[in-house]
Amino acid sequence: MRRLGRLSPGLSPWTASAPPVSIGSMLSTLEIHGVGPADPMNFEFGERLNVLTGDNGVGKSFVLDVVWWALTRSWAGLPAKPMQGPATITVRERLVGHQASGFDARYSYADQAWTLDRVHAAAPRGPVVYSSIDGFRVFDPHRNAWPDVFGGGPDSSKSFHAFRFGINEVWNGLEHDGKPVCNGLIRDWVSWMRNPIHPEPGEVVPFELLCKVLEILSDPTEPLVPGRAQPVFVDDTRDIPTLESPWGGEPIPVVLTSAGVRRIIMLAYLLTWVWYEHNRVAKLRQLAPAKQMYVILDELEMHLHPRWQRRIGPAILMIAKALDPEMQVQLFITTHSPLVLASLETHVEPRRDRLFNFDTHAQRIEIERLDWVKHGDATGWLSSPAFETSAYSVEAERAIRWAEDFMAGSLDKVPEAYRIRAVLEQHLAAVIASSDPFWVSWYSSRPARSAP
């Protein structure tokens, strides 16, 4: 376990001519002062996977919002707003084969906005996808406007800053200035399925890619396999995509699937759509497609059954190769699930991946970088520094503690009503399972009976 240090001073700006967009970049360090639940908040990110754990309300989602802003210069929701005193955000990115880029920003109370103090070049980057609890955000450097920090003026070919998808827009499409910028899951899915594309070598085939991403993100016991599109509603003339039922019978319209399945479907669609559109627009603009993407996922396990939680982490790591064999993806994930962390144990690469824990000490939030340690299973992770809790119910945990004190002879720590072995044993039987391994210790502590 390591306390997070401050940024190294004297990072040199990258001043060479801008490299092609296809060069990989990554968000390497982020330092936040004067704003947010904890002060300061310092991160040295891994180039592949970054997992944030901790209690509710300690700042994990706040950090994801700042990561999105650092990568896109727009806020996913309300801007980070300090209440008093100076507030700064320092961002550094690392480029393959080049020195660091990034910027320093401060909050201007006069302008009620974040302004740049110093810019250490602007890093080329690929698309950014943010899945939050209330929708999705997408930034594509080939389609969305990035503020020109060098004063070259706005790019007239990019009239808006980022795609902001509510749940309705994901399903039914998104418009800007009266023009469709995304047809939506329902129309695109059916169009891609019914109008097969005959690509040139290396081109993206969207329906093939969608099927591949769905397969990767699926629970293998209930695979997400597209079925035939068909009309479903009297007041909606569109054919609706379906999924083959894993239990046989009629295909299930995607809009009528469970909350967990719908979230996975939306994520699969947007990842497919972003990469397909990025390549399509790159061809129109005669630009090189990026070879990197940033994916930000708040509460990765949301709505998912524990069986699915065991698989979703490794599946997300596989997405990059599904999109493009040369793709680099930098992931930022929050989770409250010990199953998610247990599932990642055999997939993490300590050199490239980071685990951060938001902990509370003496009414103060502290951020610790934890080493990736194998805890064996979800129960092991529950008692680890990432959670520091028990797999038992509160009542069972308390009863076991009393029983341990009883066996140790510390009767003063046991409520008076439970200082008789038979009474305490009866209470244990009421709150823990008969197969619980604690019973071995309990029964072995019985006094030996005297010979008759």
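User: Is helix α5 largely enclosed or open, and how many of its residues are buried?
Analyst: Quick note: this is a predicted model, where local features need pLDDT of at least 70, side-chain atom pairs count only at pLDDT 80 or more, and totals for chains, interfaces and linings use all residues. Residues are numbered from 1 along each chain as its sequence is written, and side-chain values use heavy atoms, leaving out hydrogens and water. Buried means under 20% relative accessible area with a 1.4 Å probe, protein chains only. The rest of the structure largely encloses α5, because its buried residues number 21 of the 27.

User: How far apart are the end C-alpha atoms of α5?
Analyst: Helix α5 covers residues 259-285. At 1.5 Å a residue, its 27 residues should span 39 Å (1.5 Å times one less than the number of residues). The end-to-end value agrees with that: 38 Å.

User: How are α4 and α5 oriented to each other?
Analyst: Helix α4 is residues 206-217, and it packs on α5 at about 140 degrees with the axes 9 Å apart. Angles under 35 degrees count as roughly parallel, over 145 as roughly antiparallel, 65 to 115 as roughly perpendicular and the rest as oblique. So the two helices, α4 and α5, are oblique.

User: Which residue just after α5 takes a positive phi?
Analyst: Look just past the end of α5. The phi there is about 55 degrees, and the residue is Gln286.

Methods. Helix = DSSP H or I, 4+ residues; strand = E, 2+ residues; numbered from the N terminus. Buried < 20%, exposed > 50% of the residue type's maximum accessible area, 1.4 Å probe, protein only. Axes fitted to C-alpha atoms, helices over the stretch in contact; angles between N-to-C directions.
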